[in-house]
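Here is a short report on one protein chain. Keep the structure open while reading.

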Amino acid sequence: MAQIKQLREEKDRDALLLIDDLAAELDENHRTKLFKAAVETGAQVFITTTHLHLLKAGIKDACKVFHVEHGQVTEMV
């Protein structure tokens, strides 16, 4: 996230942040903090998880959620 900040300050460029399996090793408090920090970077953020139920409703409500299975992508509504 420091590199995203540096990229914006020095090059006036936006970034893309990829976070794989957000819920894997973090408790609810740390998941929420990481999500908030990621959004605050101003980057476009992609997060993967196999445990959508572990993300707070506020997190899910703030983003678009997609389900990927066997190469098919479906937006969850």
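## Overall layout

The chain has three helices and four strands. This is a predicted model. From the N terminus on, the order of elements is α-β-α-β-α-β-β. The C-alpha trace spans about 40 × 30 × 20 Å along its principal axes.

The chain holds 77 residues, and buried residues make up 18% of them. Among the contacts with a separation of 6 or more, 56% join residues 24 or more positions apart.

## The β-α-β unit

Start with strand E1, residues 16–19. Its covered face carries Leu-17 and Ile-19. Its uncovered face carries Leu-16 and Leu-18.

E1 pairs with strand E2, residues 44–47. The two strands run parallel, and four bridges join them. One residue ties these points together. Ile-19 sits on the covered face of E1, and its bridge partner in E2 is Ile-47.

Helix H2, residues 28–40, belongs to the unit too. E1, H2 and E2 together form a right-handed β-α-β unit.

The loop between H2 and E2 contains Thr-41. Is Thr-41 buried or exposed? Its relative accessibility is 12%, and the cut-off for buried is under 20%, so Thr-41 counts as buried.

| Side chain | Backbone atom | Distance |
|---|---|---|
| Thr-41 | oxygen of Ala-38 | 2.6 Å |
| Thr-41 | nitrogen of Ala-43 | 3.1 Å |

Leaving aside neighbours within four places, Thr-41 is in contact with Met-1, Ile-4 and Arg-8.

## The largest pocket

Now turn to the open space in the model. The largest pocket has a volume of about 820 Å³. Its lining counts 25 residues. Which of them lie nearest its centre? They are Ile-47, Thr-48, Lys-64, Val-65 and Phe-66.

Several elements give two or more residues to this lining: E1, H2, E2, helix H3 (57–61) and strand E3 (65–69). The list takes in E1, H2 and E2, the three parts of the β-α-β unit. Ile-47 links the two topics. It is the bridge partner of Ile-19, and it is among the residues nearest the pocket centre.

Methods. Residues numbered from 1 in each chain as written. Predicted model: local features only at pLDDT ≥ 70, side-chain atom pairs only at ≥ 80, totals over all residues. Heavy atoms only, no water. Buried < 20%, exposed > 50% of the residue type's maximum accessible area, 1.4 Å probe, protein only. Pairing = 2+ DSSP bridges. Right-handed = clockwise from strand over helix to strand, strands pointing away. Polar contact = N/O pair within 3.5 Å; in protein donor to acceptor, adjacent residues only side chain to side chain. Contact = heavy atoms within 4.5 Å. 1 Å grid on protein atoms, 1.4 Å probe; cavity = no way out; pocket = protein on both sides within 12 Å on 5 of 7 lines; lining within 4 Å. Points joined across faces, edges and corners; volume = space filled by probe spheres on them.
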